[in-house]
Every structure is written in C-alpha cells, then in structure tokens.
Amino acid sequence: MSARRPARRSARAAAVVALLSVAGVGCGDRGGLEGAGATPTAVGPARLWPDLRPASSPAYPYAVATRETVKGVTVPGDDVRKVDPVDVVLAEIAAHLDDYGSKGAYHATVDRVRECAPGGVRARCPLLSAYYRDLTGDGRDDMTLGFRLYPTNQTAVRVYTVEKHRLVRVLADNDAIIGVELAGRALIERSPAGIAGYEYRTTWIWDPDRRAMVFSRDEFLRTGRVPHGRKPSPSASAAPPASVSAAPPASVSATPSASATASPGASASGS
C-alpha cells in the first residue's frame, strides 16, 4: 500500500480530531489518539556516475513481441470460442517444424497432442484448459491457451485474437511455469526461482501499436519464509532486488475466477 495520502483530507481530519478531543474530556476516556512516533526523513534517489558514457547499443531485450496469423484454422462467426484448441496447436506444429520436428526441441509434444483427439488417452494430452477474456480491448473475447512441451517439461502460453476473420497469435512464450493468472487485461506468469522462498512473475499487456502482447514487468518476489535448515543457492546474492521493471505496469484487478494454474493433462474446454 502506498504511503502517500491525499492532502485534501487534512482539514477533515483536523475536525475529527477536535471532536474526539471534546468527547474524551467529557467521558474521561483515556483511549484517545496517540502519536505514532517520528516520521522517517524522505531520502531522494542518488544518481551514480553522472559522467557515465551512454551505451553504444540498446539493452538486451527480455522478449520480442510475437504476432502471427494462424494458417488453416477458420473462426466461425468471428467467435474465438468456436475454435477448437486442438486444431490451433496442430496448426502451430505444422508451421514450426524446426521446433516440433523429429530433431526439434519439442519433438515429443507431437505424439502427445494426438492423444487429445477422440479415442486418445486424455491423461497424456498436453493441452490445458482454454480461457476466454478480452485482453486486446476490442470488446470481444480472446483465447488464452496453454500446453505442456516435451521432453523439456516447459509450458507453452499462447494468446489468440480475431482480426479480419482470421485467427492471430499475439503472444507466444515458453518457460518453466508454475502458474498463470489473468488480471484485468494483463497476463501474469509465475516461474520458479533458484532461491528458496522466491519466484519470478512476468506481466504481459496488450500494445495497440505493435498489435501484440508485450513484456511489461518482471518481478523477483518473496513468497514465504525459507524452510529451516535450507540455505540459499551459491549463485544467490546477499540482497536480491525486490523487482525489476522494464516499463510502467498496467492497471490490473485480481479476478480469481479467470485465473488458471498450469497442470499437465487438463482438458481443453472453455471456462
């Protein structure tokens, strides 16, 4: 919670204090307002190395916005809910054989996807439940899709929208993921950290100029107390940063009913 308070409430607060003081004198109550002690002095940021020479190249990008029209998949009535998620994954495999071919990093995913078809072994199907929400701000639902990648055991997170009667992929991210959340129009990925008691959280938001979901914030957050007897990994620094932001965060509101936690073998039905 922010430490800032609106200035316009000061006069109102003074009136309340006066009333409470009068009431305290009348009834002899000793439970009146008490001071909270001295307020710490605000310290502004200290600029280090003001003569530092500007960098000759841009910073290494965290991720590049991905946008791709899905070939071979129709959208009946421009309603993304009527698209079969299995068809979408099969279309991606066909378009990216370098990744899903016999020598690709995710080659074992292909056999697993076949189990998603009728008659297949559902427990082996890598597809997770599809979720629908307007993430692009056009007033129509978009589809958030996830599926497990084998043999890496990563999770693929995809977001699809409909433009000009075509299905368009506007987010593609593969990572070690322990949870995914939709908050407002933002998608948040949670990933394990190498330090006990911490995790990474990555936020993606819609960029109307690039017409894609782009990386907005990357945070390194404490999630709980370190178990007794556990020591930080050797690579851990003595004082890890609370968060690292690459851009101002989007305004998000928590909506638990629309959040999904990645779990292998879930069905691909809509929420």
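Author: T202 is buried, with a relative accessible area of 4%; buried means under 20% relative accessible area, exposed over 50%, and partly exposed in between, with a 1.4 Å probe and protein chains only. This is a predicted model, in which local features need pLDDT of at least 70 and side-chain atom pairs count only at pLDDT 80 or more, while totals for chains, interfaces and linings use all residues. Residues are numbered from 1 along each chain as its sequence is written, and side-chain values use heavy atoms, with hydrogens and water left out.

T202 sits in strand β8, residues 198-207. Strands (E, at least two residues) and helices (H or I, at least four) are DSSP runs, numbered from the N terminus. The C-alpha atoms of T202 and I188 are 5.5 Å apart in space, although 14 residues separate the two in sequence. The side chain of T202 also has a polar contact of 3.2 Å with that of D218. A polar contact is a pair of N or O atoms within 3.5 Å; within protein, one must be able to donate a hydrogen and the other to accept it, and residues adjacent in sequence count only if both atoms are side-chain atoms.

Now the charged pairs. Side chains of opposite charge can pair when their charged atoms come close. R201 forms a salt bridge with E199, their closest N and O atoms being 2.6 Å apart; the term means a side-chain nitrogen of Lys or Arg within 4 Å of a carboxyl oxygen of Asp or Glu. R201 is partly exposed at 28% relative accessible area, whereas E199 is buried at 4%.

The count of salt bridges comes to 13. One of them joins R158 and E92, at 2.8 Å from N to O. R158 belongs to strand β4 (residues 154-163) and E92 to helix α2 (residues 85-95), so this pair links distant parts of the chain, 66 residues apart. R158 is buried, at 3% relative accessibility, and E92 is buried as well, at 6%. A network of salt bridges links E68, E92, R158 and R169.

Another pair is R185 and D134, with 4.0 Å between the closest N and O atoms. R185 is partly exposed at 48% relative accessible area, and D134 is buried at 14%.

There is one disulfide, a term for a pair of cysteine sulfur atoms within 2.5 Å. C116 and C125 form it, their sulfur atoms 2.0 Å apart. The disulfide is right-handed, because the torsion about the S-S bond is about 95°. C116 is buried at 8% relative accessibility, and C125 is buried at 2%.

W49 is found in the loop between α1 (10-27) and β1 (68-69), and is exposed, with a relative accessible area of 63%.
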